[in-house]
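Visitor: I have a model on the screen and would like to learn how to read it. Can we take a few features in turn?

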Amino acid sequence: MDFYGFYTGKVFDAYRFLGAHTEKEGVTFRTFAPAASRISLIGEFSDWQEWTMNRIHDGNFWECYAKTAKPGQMYKYRIYKRDGSFTDHCDPYGFGMELRPNTASVIRDLSEYTFSDEKWMRQRTDCKSKPLNIYELHFGSFRKPSEKADDWYTYAELADILIPYLKEYGYNYIEVMPLSEHPCDESWGYQNTGFFSPTARYGTAADLMEFVDICHKNKIGVIMDFVPVHFAVDGYALADYDGTPLYEYPHSDVGVSEWGSKNFMHSRGEVRSFLQSAAGYWLSEYHADGIRMDAISRIIYWQGEPARGVNNNAVAFIREMNRGLKAMYPSAILSAEDSTSYPGVTRSPEEGGLGFDYKWDMGWMNDTLDYFRTAPEYRSRDYHKLTFSMMYYYNDAYLLPFSHDETVHGKATILQKMNGEYEDKFPQARALYMYMYAHPGKKLNFMGNEIGQLREWDEKREQDWDILKYPLHDAFHQFMKDLNQLYLKNPALYEKDYENEGFQWIDCHQEERCIYAFERICKTQRIAAVFNFSDKVQEDYAFTLKNARTLKLLIASDMDKYAGEKHYKTETITLENGTACVTLSAYSGIFYLVS
């Protein structure tokens, strides 16, 4: 390892030196703990007796070779403070861990599994000009083998269930909530103890590698959720690792997050090398196709509050990490969950940006859901909540998210958010999703949204699949399948997402009627999207398209097969001087292929 690079935050593969590394015979263990007075290695191979670790290099690193150690065995580091007290820690760079509440690291041989996804890896891209339809899921609660909270499918078992479902529904990427080891199920993986350890809830490192490989063979990309801001407070993990605040800030005013976790001190080179090595680890060793980085606002601003000012050291860290990751993995996707208006999140580092490929469009998400929560009689007042997004859209490369955060903590699910009674929610939700898929930007939808789930997500329970026995939900999930497949097959809906010529307003001044119309355009195709978000039928709505002769119906949210009230007898409309005149059902959307 480049030790100078490690100290200055330039290393992206520190895990190749630190951690537990299998050899032809035995295992070599190394850890970084500059303030420790001494360290012992304890594990199954020593009957948990202390084996002395030796200082190496400049005295800040410790090493021990264990000839009798082998993969699958547990171990810990017993780290002594200067006062003689000690704490048994898991390995910060360990490749495996025990299932909670146990805390030992587990030796894993990363060469145990061999990938066979060369074709996928050669052909994958960042999807800027391709469809990117992401299904976000929590691995332990998509489906469960039983009703027990801590009963989960393994990586292999879920692959057999999940992949056919994704292909049927038209999702070409998954984004998995954090799979790095975490002690508290309720943290959903966002408070980590093992940044290099796939959680033991679902299997081993090799099992996760095989899961990703199977996804790739089925042309499904895998984005890993990554937490670069904070970590769990548990004393056996990173907290006060060498008896001092090694990874965290020493002062609680900036050292403790709003979630009660410890904040990484991004000004330390060793912390930078740790985090960017963890990100690189998932991309390299597990062939992940991207990294979604959590809570980037907490990196940009102190404690996420603009009033506290920009955290310049943390901003420099994320910029340089992204620069390095893109240099090594140019086709991998780096996306930011960021709700701020900080400029240049998706501009390149060379242009002064942060270097992400995509930024979650939280403004679009909030404005859109607020609009659909609103009673229809007030939507004329709020009409331009749905036009505002295109006023800032080209400032960054945006991704449109309806994520897990919008289905928990009393916020209600996406369907439940729709205004009105039960029957009124479905036509609005169908129109909402058509608007989402017509709007420029890549798509992300959380599990359960596609079946119109009404119960908020609970990590202890699987999704309410039995809800599909009800006709409205069954029709809704059929609609979502058709909409997803249509998105994947029509380049006008994705090819020029980030080019001005890919979007054109047809009509955005129907405030009283709550009608919106726009075109999506690419080299080979034009699609007109027309929406009526009022609760009234809008008759004889006329709109004009340049250089157009006909409109061919692609999909309509009010079709009777989706539990709508309209049967479309005529699928093609001939225009007169480029003008069409249509009648729009209440709460409806229509896509037309323009020729």
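Predicted model: local features only at pLDDT ≥ 70, side-chain atom pairs only at ≥ 80, totals over all residues.

Visitor: Which residue of S6 stands opposite Asn54?

Guide: Glu63 does.

Visitor: In what order do the strands of the open sheet lie?

Guide: The order is S1-S2-S6-S5, four strands with antiparallel pairing. S1 (19-22) and S5 (54-56) are the edge strands, each pairing on one side only. On average, neighbouring strands of this sheet are turned by 30° against each other, direction ignored.

Visitor: Now a strand elsewhere. How many residues of S24 are buried?

Guide: Seven of the seven residues of S24 (residues 526-532) are buried, so the strand is largely enclosed by the rest of the structure. The cut-off for buried is under 20% relative accessible area.

Visitor: How do I sort its side chains by face?

Guide: In a regular strand the side chains alternate between the two faces of the sheet. In S24, one side carries Arg526, Ala528, Val530 and Asn532. The other carries Ile527, Ala529 and Phe531. Both faces are covered, and these residues are all buried.

Visitor: What does S24 pair with?

Guide: S23 (residues 515-521) is joined to S24 by seven bridges, and the two run antiparallel. Ile515 stands opposite Asn532 of S24. A hairpin of four residues connects S23 to S24. S24 is also joined to S29 (residues 588-594), by six bridges and again antiparallel. There, Phe591 of S29 is the bridge partner of Ala529.

Visitor: On to helices. At what angle do H3 and H4 pack?

Guide: The angle between H3 (residues 155-169) and H4 (residues 205-217) is about 20°, and their axes are 9 Å apart. Angles under 35 degrees count as roughly parallel. That makes H3 roughly parallel to H4. The crossing is right-handed.

Visitor: Which residues make that contact?

Guide: From H3, they are Tyr155, Ala159, Leu162 and Ile163. From H4, they are Asp207, Leu208, Phe211, Ile214 and Cys215. By class, the contact has eight nonpolar residues, no polar ones and one charged.

Visitor: Who is in the contact?

Guide: H12 brings Tyr422, Glu423, Phe426, Ala429, Arg430, Tyr433, Met434 and Tyr437. H13 brings Leu472, His473, Phe476, Phe479, Met480, Leu483, Asn484 and Tyr487. The contact divides into 12 nonpolar, two polar and two charged residues.

Visitor: Last one, a single residue. Is Lys148 buried or exposed?

Guide: Lys148 has a relative accessible area of 53%. Exposed means over 50%. So Lys148 is exposed.

Visitor: Where is Lys148 found?

Guide: In the loop between S10 (133-137) and H3. For a sense of scale, take Lys148 and Gln49, which are 99 residues apart along the chain. Their C-alpha atoms are separated by 37 Å.

Key: Residues numbered from 1 in each chain as written. Heavy atoms only, no water. Axes fitted to C-alpha atoms, helices over the stretch in contact; angles between N-to-C directions. Parallel < 35°, antiparallel > 145°, perpendicular 65-115°, else oblique. Left-handed = near helix turned anticlockwise from the far one by under 90°. Contact = heavy atoms within 4.5 Å. Nonpolar A, V, L, I, M, F, W, Y, C, P; charged D, E, K, R; others polar. Buried < 20%, exposed > 50% of the residue type's maximum accessible area, 1.4 Å probe, protein only. Pairing = 2+ DSSP bridges.
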